[in-house]
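Here are some friendly notes to read alongside the model. Please keep the viewer open as you go through the points.

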Amino acid sequence: MIKNFFLFCSFMFLNNAYAGPSLYDAKLGDWKDSNGQIIQLDQFKNKKVVMSMVYTSCKSACPLMIKKLKKIDEQLKTEKINATFVVVS
């Protein structure tokens, strides 16, 4: 199932099937990474990115989301696909 979801997303975004504006062009300001360094979303442009949002105080859905992200990471590694994971909190 993870593979099918990833393939669908790859088709939609990597093959330009989605013709709308890019999220990477949105002016969302500066973000901080887990080391406190300033980053901007556009630095991920033209990279394979798996992005999710979680709340650090969440006790139900968010741990499940992290577990699913880890499974996606395992699947991508199995298929030798490099992707950057961005978890926004």
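1. Let me start with Ser52, which sits in strand β3, residues 49-53. Please bear in mind throughout that this is a predicted model.

2. Is Ser52 buried or exposed? With a relative accessible area of 10%, Ser52 counts as buried, because the cut-off for that label is under 20%.

3. Which residues does Ser52 touch, once those up to four places away in sequence are set aside? The list is Met65, Leu69, Val86, Val87 and Val88.

4. Leaving out residues up to four places away in sequence, Val50 is in contact with Leu69, Ile72, Leu76, Ala83, Thr84, Phe85 and Val86. Leu69 and Val86 are among the contacts of Val50, and both are also touched by Ser52.

5. Val50 also belongs to the largest nonpolar core, together with Leu69, Ile72, Leu76 and Ile81, which makes five residues. Helix α2, residues 61-78, supplies the largest share of this core, namely three residues.

6. Stepping back to the overall layout, the protein has two helices and four strands. Read from the N terminus, their order is α-β-β-β-α-β.

7. A few totals may be handy for your own calculations. Of the 89 residues, 16% count as buried. The exposed surface comes to about 7200 Å², and carbon and sulfur atoms supply 56% of that area. Among contacts with a separation of 6 or more, 49% are between residues 24 or more positions apart.

8. Rolling a probe the size of a water molecule over the atoms shows where empty space is left. The second largest pocket holds about 230 Å³ of space. Two elements give two or more residues to the lining of this pocket: β1, through 31-32, and β4, through 84-88.

9. Sorted by class, the lining has seven nonpolar, three polar and two charged residues.

Terms used: Residues are numbered from 1 along each chain as its sequence is written. This is a predicted model: local features need pLDDT of at least 70, side-chain atom pairs count only at pLDDT 80 or more; totals for chains, interfaces and linings use all residues. Side-chain values use heavy atoms; hydrogens and water are left out. A nonpolar core is a set of buried Ala, Val, Leu, Ile, Met, Phe, Trp, Tyr and Cys residues joined through side-chain atoms within 4.5 Å. Buried means under 20% relative accessible area, exposed over 50%, partly exposed in between (1.4 Å probe, protein chains only). Contact means heavy atoms within 4.5 Å. Accessible areas come from the Shrake-Rupley method with a 1.4 Å probe; for residues, only the protein chains shown count as cover. On a 1 Å grid over the protein atoms alone, a cavity is a set of points where a 1.4 Å probe fits but cannot get out, and a pocket is an open set with protein on both sides within 12 Å along at least five of seven lines; lining residues have an atom within 4 Å of a point. Grid points are joined across faces, edges and corners, and a volume is the space filled by probe spheres set on the points. Ala, Val, Leu, Ile, Met, Phe, Trp, Tyr, Cys and Pro count as nonpolar, Asp, Glu, Lys and Arg as charged, and the others, Gly among them, as polar.
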